[in-house]
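Let's sit down with a fold and go through how to read it, one feature at a time.

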Amino acid sequence: MKLTTMTQVAVDGVMQGNGGASDEDRRNGFERGGWARGRGDDETKAFINETYRRADAFLLGRRTYELFAGSWGSLTEQDVPGWETVMRALTTRPKYVASATLTDPAWSGTTVLSDDLAAAVADLKAKPGGELQVHGSGTLTRWLLANDLVDELTLLTVPVVVGQGARLFPDAGPDLALDLVESRVDSRGVTIQVYRPAGRPRYATA
């Protein structure tokens, strides 16, 4: 399977609290949740739905898993008009959680990866199928990128500067060159950019 990630980010790179104002969104004093809700147009909504439709399995960090389990895991398709494809994928496809603390997941179809994560992800990628998808899960996404396990990276950038909160990429970390595969902008200014990792960047020399 191809490992792909999809992350909603603000222009300043913030990914925390994009969808609402849950207790998770308020960690570390964060008070600006919901900055991405309702921002994309119908084409972006269709893009997200189509992405989830392609998923053969999901790989999630613990925080994102618990957020998803508490929302998508407790709803029905009738509760989410327009997002039935997302709901169907999340409830019927296998879900893998990278966590050393989660021991008894209640959401059906969940497997916890608590031991050698690199080996476990490599085993998942070796399985037949289309896409192993990571949504949100900033800590996990950064780790996967640092370990050269990501095949494709999708960023949905919302035209807002949040000014606080956890960012997808830290102030200091490993560097990475990216090849742009696809780019589009919707009628509300949300940009969708699909990248493939391309090794380390080249820097100017004296």
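This is a predicted model: local features need pLDDT of at least 70, side-chain atom pairs count only at pLDDT 80 or more; totals for chains, interfaces and linings use all residues.

Q: How many helices and strands does the protein have?
A: Helices (H or I, at least four residues) and strands (E, at least two) are DSSP runs, numbered from the N terminus. Here you get 5 helices and 8 strands, and along the sequence they run β-α-β-α-α-β-β-α-β-α-β-β-β.

Q: What does the radius of gyration of the protein say?
A: Take it over C-alpha atoms and hold it against the globule rule, 2.2 Å times the number of residues to the power 0.38. The radius of gyration is 17 Å, close to the 17 Å from the rule for 206 residues, so the protein is as compact as a globular protein of that length. Along the principal axes, its C-alpha atoms fill a box of roughly 60 × 40 × 35 Å.

Q: What share of the residues is buried?
A: Buried means under 20% relative accessible area, exposed over 50%, and partly exposed in between (1.4 Å probe, protein chains only). In this protein, buried residues make up 40% of the 206.

Q: And how do I read contacts along the chain?
A: A contact means heavy atoms within 4.5 Å. Of the contacts between residues at least 6 apart in sequence, 71% join residues at least 24 apart.

Q: Which residues have the most contacts inside the largest nonpolar core?
A: In soluble globular proteins, nonpolar side chains tend to be buried together. A nonpolar core here is a set of buried Ala, Val, Leu, Ile, Met, Phe, Trp, Tyr and Cys residues joined through side-chain atoms within 4.5 Å. The largest one has 24 residues, and Leu3, Leu59, Leu113, Val121, Leu132, Leu140 and Leu144 have the most contacts inside it. Elements giving two or more residues to this core include strand S1 (2-10), helix H4 (117-126) and helix H5 (138-146). H4 supplies the largest share, 4 residues. Apart from this core lies another, of 21 residues, among them Met6, Phe47, Ile48 and Val80.

Q: What does Leu144 touch?
A: Leaving out residues up to four places away in sequence, Leu144 touches Leu3, Leu59, Val121, Val134, Leu149 and Val150.

Q: Is Thr5 buried or exposed?
A: Thr5, in strand S1, is buried, with a relative accessible area of 2%. Beyond its neighbours within four places in sequence, Thr5 is in contact with Val134, Thr141, Val150, Glu152, Leu153 and Thr154.

Q: Where is Gly40 found, and what does Gly40 touch?
A: Gly40 is in the loop between S1 and helix H1 (42-54) and is partly exposed, at 29%. Setting aside residues up to four places away in sequence, Gly40 touches Asp186, Arg188 and Val190.

Note on methods
Residues are numbered from 1 along each chain as its sequence is written. Side-chain values use heavy atoms; hydrogens and water are left out.
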